[in-house]
Every structure is written in structure tokens, then in C-alpha cells.
Amino acid sequence: MLTTPALVAVASGLALGLGLIVAIGAQNAFVLRQGLRLEHVTAVVAVCALSDLALIVAGVFGAGAALERVPWLVPAVCFAGAAFLLGYGALAARRALRPGVLLPDSAGARAGLAATVGTCLALTWLNPHVYLDTVVLLGSMASTHGEHRWEFAAGAGLGSIAWFTVLGFGARLLRPVFARPAAWRVLDGVIAVVMTALAVSLALRGAGAA
């Protein structure tokens, strides 16, 4: 039975988890695009949600504190993430410039499941913000709830599952808007800009931490 402090911990974890994850970023942009294309949506949602749960658990177990004691790891991950995001941004820019490949339905060229899952894993685990936010920040905040830290973690995990489920499976409601190639061009153009901006910010962070 959840006591009042436990409910507060769950609500706090849910609020902070949603606050950190509901933003335009590489992972969310990828989930949105897969949802719009109705392409391996279940696998993408599952990978994102399970990855977040694993990172939350790691943070509660104290991985955040351990990460802060390894000074070379942060810049290494920053540079690796920046390189990957630049490549993904270039692909998005290429799609935006070639409307012939901007197909809104499942009849278009589909990426294989392995390639899709691999891209999703890379966008998740090569993003330093995941470690800084989910592991370090959530882990630190969970510790402030003492014996109710796992209730806090459960709230944060619930937020991740709910968000990725809504984003992935709810994206199909926007498909009438993306029935026109021009809408896909705009979406991929935005994705390219976001990925490039994130890559630059990660590279600068890596240089500052080196």
C-alpha cells in the first residue's frame, strides 16, 4: 500500500521524468518519424522505454556518482554522440532535399528491423544528455527520497513508458497532415537542424570537459 510519502515520490519522479524527456531531441524526433511511417513502431517504443528504465535503475543504484568520478568518459561520449548526430542530420537533410523519398505511408522504402533498432539504440545510448539527465540528475533526485527512492524511480519510469507510447502510436493521428511530401520535407528539415545543433552543442561540451 502506497503511503503519502511514497505517492509524493511517485508523483515527483513522474513529473521530473516527463520534464526531462518531453522535448525536441534526437530520440523523440526518431520515434515521431517512425510513428508517422508506421514502421517498426512497437520495437522502437520498446527500445526507448526499456533503455530509459535501465538508465533510471542505474541512476538509483548510484551509477551517476560513479560516472562523475570518470572524467574522461564524458568528453568521449560527447564526441561520439556528436559524430553520430551529424551523420544522422546529414541523412535527414538529404531526405528533405529529395522529395521522392518522402513517402508518408508504409508502401515506401522501409528500413529493416535490425537497422531501425540499431539506429534507435545509438540515438539513445550515444546521447550524453541521457547520462547527465536520466542517470545523474534522476539518480541524485531519487536519493533525496530515501527509502522511497524506488517509488520515485517507478514514477519516472512510468513517465517514460507513457511518453514513448503516446509519441510512437499517437503519431499516426498526424498522418493526414503528412499526406503531402512537402510536410515530410519540413519535418526532415527540422530534424536535420535539431540534429546538427545537438551535435555542435555536444562537441562544445566535450571540448569543455576534455
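Modeller: Gladly, and bear in mind throughout that this is a predicted model.

Biologist: Where does Asp 52 sit, and what is it in contact with beyond its neighbours within four places in sequence?

Modeller: Asp 52 belongs to helix H3, and once those sequence neighbours are left aside, it is in contact with Ile 21, Thr 134, Ser 160 and Phe 164.

Biologist: Switching to pockets, how much space lies in the second largest pocket, and which residues lie nearest its centre?

Modeller: The second largest pocket holds about 370 Å³ of space. Its lining is made up of 21 residues, and those nearest the centre are Leu 20, Ile 21, Asn 127, His 129 and Asp 133.

Biologist: Which elements give two or more residues to that lining?

Modeller: Those elements are helix H1 (4–21), helix H2 (26–37), helix H3 (41–60), helix H6 (113–125) and helix H7 (128–143), with H7 providing the largest share, 5 residues.

Biologist: And what is the lining of that pocket like by class?

Modeller: By class, the lining of the second largest pocket has 10 nonpolar residues and 9 polar ones, together with 2 charged residues.

Biologist: Back to H6 for a moment: what is its span, and which residues in it are buried?

Modeller: H6 has 13 residues and reaches 18 Å from its first C-alpha to its last, which is close to the 18 Å expected at 1.5 Å a residue. The buried residues in H6 are Thr 116, Cys 120, Ala 122, Leu 123 and Thr 124.

Biologist: New topic, then: how many aromatic pairs does a search of the whole structure find?

Modeller: The search finds 1 aromatic pair. In it, the ring centres of Phe 61 and Trp 150 are 5.1 Å apart and the planes are at 70°, so the pair counts as edge-to-face.

Biologist: Why does that pair tie together parts that are apart in sequence?

Modeller: Because Phe 61 is in the loop between H3 and helix H4 (63–68), while Trp 150 is in helix H8 (residues 149–170), the pair links parts that are 89 residues apart in sequence.

Biologist: Are those two residues buried or exposed?

Modeller: Phe 61 is exposed, with a relative accessible area of 66%, whereas Trp 150 counts as partly exposed at 34%.

Biologist: Last one: what is Val 10 in contact with, leaving aside its neighbours within four places in sequence?

Modeller: Val 10, which is in helix H1, is in contact with Glu 151, Phe 152 and Gly 155 on that basis. Its relative accessible area is 23%, so Val 10 is partly exposed.

Note on methods: Residues are numbered from 1 along each chain as its sequence is written. This is a predicted model: local features need pLDDT of at least 70, side-chain atom pairs count only at pLDDT 80 or more; totals for chains, interfaces and linings use all residues. Side-chain values use heavy atoms; hydrogens and water are left out. On a 1 Å grid over the protein atoms alone, a cavity is a set of points where a 1.4 Å probe fits but cannot get out, and a pocket is an open set with protein on both sides within 12 Å along at least five of seven lines; lining residues have an atom within 4 Å of a point. Grid points are joined across faces, edges and corners, and a volume is the space filled by probe spheres set on the points. Helices (H or I, at least four residues) and strands (E, at least two) are DSSP runs, numbered from the N terminus. Ala, Val, Leu, Ile, Met, Phe, Trp, Tyr, Cys and Pro count as nonpolar, Asp, Glu, Lys and Arg as charged, and the others, Gly among them, as polar. Buried means under 20% relative accessible area, exposed over 50%, partly exposed in between (1.4 Å probe, protein chains only). Contact means heavy atoms within 4.5 Å. The expected span of a helix is 1.5 Å times one less than its number of residues. Rings of Phe, Tyr and Trp (its six-membered ring) pair if their centres lie within 6.5 Å; planes under 30 degrees apart count as stacked, over 60 as edge-to-face and the rest as tilted.
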